[in-house]
Amino acid sequence: MNGGGAGKLADPNEDPLPGVDTYKNFNTIDWVREKSKGRDRLREIQSKSKESLWALLLSISDAFSGWLLMLLVGLMAGAVAAAIDITTHWLADMKDGVCLVGFWYNHEHCCSNSNQTTFLEWDRCPQWQSWAQLITGTSQGGVAYMVDYLMYMFWALLFAFLAVALVGAFGSHASGSGIPEIKTIVSGFMFRGFLGKWTLVIKTVTMVLAVSSGLTVGKEGPLVHVACCCANVLCHHFTKFRQNEAKRREVLSAAAAVGVSVAFEAPIGGVLFSLEEVSYYFSLKTLCRSFFAALVAAYTLQSINPFGSSRHGPFHVNFHADWHPVELAPFILLGIFGGLWGALFIKANIAWCHTRECSCVPACLRVGKHSRVSVHPPTGKSTRLGRCPVREVLLVAALTSLLAFPNIHTRMSGEELLSKLFDDCSLFNSSLLCGYQQPANTSQTGRGNNTASRPAGEGLRTALWQLALALLFKMIITIITFGIKVPSGVFIPSMVVGAIAGRLLGVGMKQLAYHHHDWMLSRDWCSPHRDCITPALYAVVGAAACLGGVTRMTVSLVVIMFEVTGRREHIMPLLAATMTSKWVADAFVRVGFDEALIRLKGYPFLEPKDEIEHSSLAKDVMRPRKSDPALAVLTQDGMTLGQVEALVKSTCFSGFPVVVSQQSKRLVGFVLRRDLLVAIDYARRRQEGVVSASQVLFRQHALTQPPKAPPHLRLRGILDLSPFTISDRMPMGITVDIFRKLGLRQCLVTHNGRLLGIITKKDIVKHMAQIANRDPDSVFLN
């Protein structure tokens, strides 16, 4: 094959072929093969390390390359997340006004250095001017209000238009959160371009624009996609991870932890999120590296400090009182609400996607002839929104800004609203949420009396009406927004819904305890002059409950909220609400939002949480069926190169079993389609004398042939001699577990050593869809 004379056998064992062991787009990797390739590479490096000092240094650098890669991923993701936070706050504040000292300052930074502000009114300074003040010279009156209203809508529509235009023109993979695709990629699916450099740039820019426009989207989910893009880009600079798809997916699992770490500054919660929600294979080594990368990312973000020197993290949490066991009842009630909201959101959003003919799906990818993946538009009638995503985004942005501006709680960003809802009332809190009636003798009022239970004042009653309207608005607009062609995360919108509901319930409980402090339940622990109930804690618990109802996160969610609050004593309320929300949501919808999107888009993903209770066997699922043609196989000898090429061209299978003969069907091994094509092409170009009449051999020793016969083409080197096989009587429940835990691409079905058929990952996913009464043809990816 190296251009030698005629008669030299083509043997990939002697000269590895370029292009062998690579995967085509929209295919599934072979985990077992990748693991074996990694072990072979490690043995080769270790054996060479004893030959010279340079080889020993290369071996040491290869051993530490994984930790170096994790360090770079943490640094890069932390820096990108900090830039996103800073730019988002600046553009979001631009909808309200501009800083006269420097237009690049946001509202908080503009007034932080001013000596003309008070502690209670820190956001009012002459350096910050609203658009009404700049245009009309005053901030009071109906004209000024309309100017601010129109400018708010103008900037919202401009940012939304730029976001959807950039996504449509340069990066279609940048829309959505990206978590469903990342889960599918980590499970072994090839999705080229989704984690590329261009996607990283477009996702970062459009995420800033989408969040700044005021759309009901969050940046926490897309940050996971951004972190995985950073990891994938850096993997190309390390040979060990560039040439091994299994090791690259271990890095992506760690990158998912990094994304959550920079989103909430919760490195431990990020690692648990990757373990619970994203990862398909999570070894102890991956756990340690994930934690290291998450710590580096969180430290990098804190060092840059995009939130200002006054606090760390996206939310400000401050509680003045502990909770009482009696409050477990309302906490569980919040869990029930969170589960109901999660089920409602998933069903309503998926139904909305079907209404607009799945415009949230980038394209319907179907396997064309000869395994070429072709892109077809959705079939059937589609709505105008489905045909024109730019119009849809602008309509949603216009509706959101039009209805959000009159209400102060919907006008602000999701993170700012959560910070206000999570903040407990104190002496220096001027929010309407703390508008309680002041004591008669205010001159003798101290900090303790200001946080004590008091009847609701006019300001609090106004805030409650606004919060009730905000809750209704957020629930409806969140369902409509998800699926549009901009980056969108579900974390913050779900948390906002739960935090509003929790704060409303917390205020109600506080007033109930104040007016009925002589009840048996509150008599011993809630006296009239004691601050015994914290509405902000109810907001935190409600946020966790609603996010858990949507995503079905449990342990990782509790740890994330623990890291956000920093209070160990609040783990029990969070656990009670989170588990209740999961149980209630599972009663209506068995899967979370990300898994529902995976099913909607038809990705071949085996959900680890699904269980098979059907009594079917492997022979009931394997191909070929009784009505199908015979199984296409290769023989270890006796086939010419022309016959092999004809078989490959007439089929679209990703691989072929190799048997002793067509009569015996005794299994020898398995060869991948791509490896076979690359080897044949390489032999025709590099080996002299290879023609269509040449014999193709998959055996150890070549057969004797006549002197004038064309040379053999020996391809045993690309043959997998130990393919995974199962008996035809194997229950499908065990077969599915084997595919999940070993990450198989396919397995061969035999009976007493005789080959009967093959089961692929696609067959497994279709079978599980059929058992769940779903359309098996919805799984359309190869």
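Analyst: Strands β12 and β13 (residues 754-760) run antiparallel and are joined by six bridges. The model is predicted: local features need pLDDT of at least 70, side-chain atom pairs count only at pLDDT 80 or more, and totals for chains, interfaces and linings use all residues. Residues are numbered from 1 along each chain as its sequence is written, and side-chain values use heavy atoms, with hydrogens and water left out.

User: What makes β12 and β13 a pair?

Analyst: Two strands pair if DSSP finds at least two bridges between them; β12 and β13 have six. Strands are DSSP runs of E, at least two residues, and helices are runs of H or I, at least four, numbered from the N terminus. One of the bridges puts Val 749 with Gly 757 in β13.

User: Why is β12 called largely enclosed?

Analyst: Buried means under 20% relative accessible area, exposed over 50%, partly exposed in between (1.4 Å probe, protein chains only). In β12 (residues 746-751), five of the six residues are buried, so the rest of the structure largely encloses the strand.

User: How do you know that β11 and β12 pair?

Analyst: Three bridges link β11 (residues 725-727) to β12 in the parallel sense. Ser 727 stands opposite Thr 750 in β12.

User: Why does Ser 556 count as buried?

Analyst: Its relative accessibility is 0%, so Ser 556 counts as buried. Ser 556 lies in helix α22 (residues 555-565).

User: What makes the link between Ser 556 and Glu 276 a polar contact?

Analyst: A polar contact is a pair of N or O atoms within 3.5 Å; within protein, one must be able to donate a hydrogen and the other to accept it, and residues adjacent in sequence count only if both atoms are side-chain atoms. The side chains of Ser 556 and Glu 276 are joined at 2.7 Å.
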